[in-house]
Amino acid sequence: MKRHGYISLWLLLVAAFGLMAWGSRYEKINIFGHDFKTASIFEELTLPPQLDTAVRSQSLIDLLVRWIPDTVLTEEECPSLVPKFPAEVDTTAKTILFFGDSMLEGLSPRLADYCKRNGHKLYTVIWYSSTTEIWGRCDTLSTFIRRYKPDYVFACLGANELFVRDIKNKRKPYLEHILDQIGDRPLLWIGPPNWKEDTGINDLLSERLEEGTFFLSNGMKFSRKRDGAHPTSASAAQWMDSIVRWMPGHCLHPILMEMPEAKGRPDKLILLQPVK
């Protein structure tokens, strides 16, 4: 059907819907000596303004579904019809940049195992005691991105910010700068392994990061080292295994991550000292 044909059809449907809505003001309508019971379209369209907006919106959606005939749309005409999850697994070899705080000491070795098994390159940058503020007030991340040219970025950051007050206002600008440096590269951000309830770092990350790019670690059970914060090596390996199992059904950009059979090592491991 030509474009003007679609427009004419929709104009006709809108006019018919408007006529039915107007007629529904009356309980019954007599047409040529026959009584017809009307629907409650007018009542539903004129819901009291104090009702919740979501209720009013849903009422309108229900009405349109009820009164507009079935229309078949293609994915090209309406991309939002395409389900995000599960996303198709990218089976090509990747160059991965993994950056963050000292939690990478436990996570990176296990990720290296997966990279060796699946043909990925891994560059790990551990910045001890770092935070979103430390990474976000400089261009260090951009430097490593230019150097290693990753086509996938992993991050684990936030453990040193569990108890920052008013964190959403204080850290959001830094988070934005981090994301600007990453650009449109596929991202998977691993949330901190809480040992106590945080003051909002996980909320900030989950609200700002696109669905399918944030793994919430809070709530998982970990065996911890003496400091009570860092998972043991074995527990951190299980943590990464959990992330890999989560990826195919929930990650926006899943990649090939078959179970490793041997130990691997990052192609490069960079250690940055705490900021004084």
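Residues are numbered from 1 along each chain as its sequence is written, and side-chain values use heavy atoms, with hydrogens and water left out. Because the model is predicted, local features need pLDDT of at least 70 and side-chain atom pairs count only at pLDDT 80 or more, while totals for chains, interfaces and linings use all residues.

The mean pLDDT of the protein is 84 (pLDDT is the predictor's confidence in each residue, from 0 to 100). A value of 70 or more is reached by 70% of the residues. Over residues 50-57 the pLDDT is below 50, and this stretch has five contacts in the model beyond near neighbours in sequence (contact means heavy atoms within 4.5 Å). Residues 63-69 also have pLDDT below 50, with 13 contacts beyond near neighbours in sequence. Where pLDDT is low, the predicted coordinates should not be read in detail.

Six strands form an open sheet with parallel pairing, in the order β7-β6-β5-β3-β4-β8. Helices (H or I, at least four residues) and strands (E, at least two) are DSSP runs, numbered from the N terminus. Two strands pair if DSSP finds at least two bridges between them. The edge strands, β7 (214-215) and β8 (268-272), each pair on one side only. Strand β6 (residues 187-190) pairs with β7 in the parallel sense over two bridges. Trp189 stands opposite Phe214 in β7.

Helix α4 (residues 104-118) lies across β3 (95-100), β4 (121-127), β5 (152-156) and β6. It runs at about 175 degrees to β4. Axes are lines fitted to C-alpha atoms, for helices over the stretch in contact, and angles run from 0 to 180 degrees between N-to-C directions. Helix α9 (residues 233-250) lies across β3, β5, β6 and β7, at about 140 degrees to β6.

The largest nonpolar core holds 30 residues, of which Phe99 and Trp189 touch the most other members. Such a core is a set of buried Ala, Val, Leu, Ile, Met, Phe, Trp, Tyr and Cys residues joined through side-chain atoms within 4.5 Å. Buried means under 20% relative accessible area, exposed over 50%, partly exposed in between (1.4 Å probe, protein chains only). Helix α7 supplies the largest share of this core, five residues. Leaving aside neighbours within four places in sequence, the contacts of Trp189 include Ala155, Leu175, Leu205 and Phe214. A second, separate core of 28 residues includes Tyr152, Cys156, Ala159 and Met247. Cys156 has a relative accessible area of 1% and is buried.
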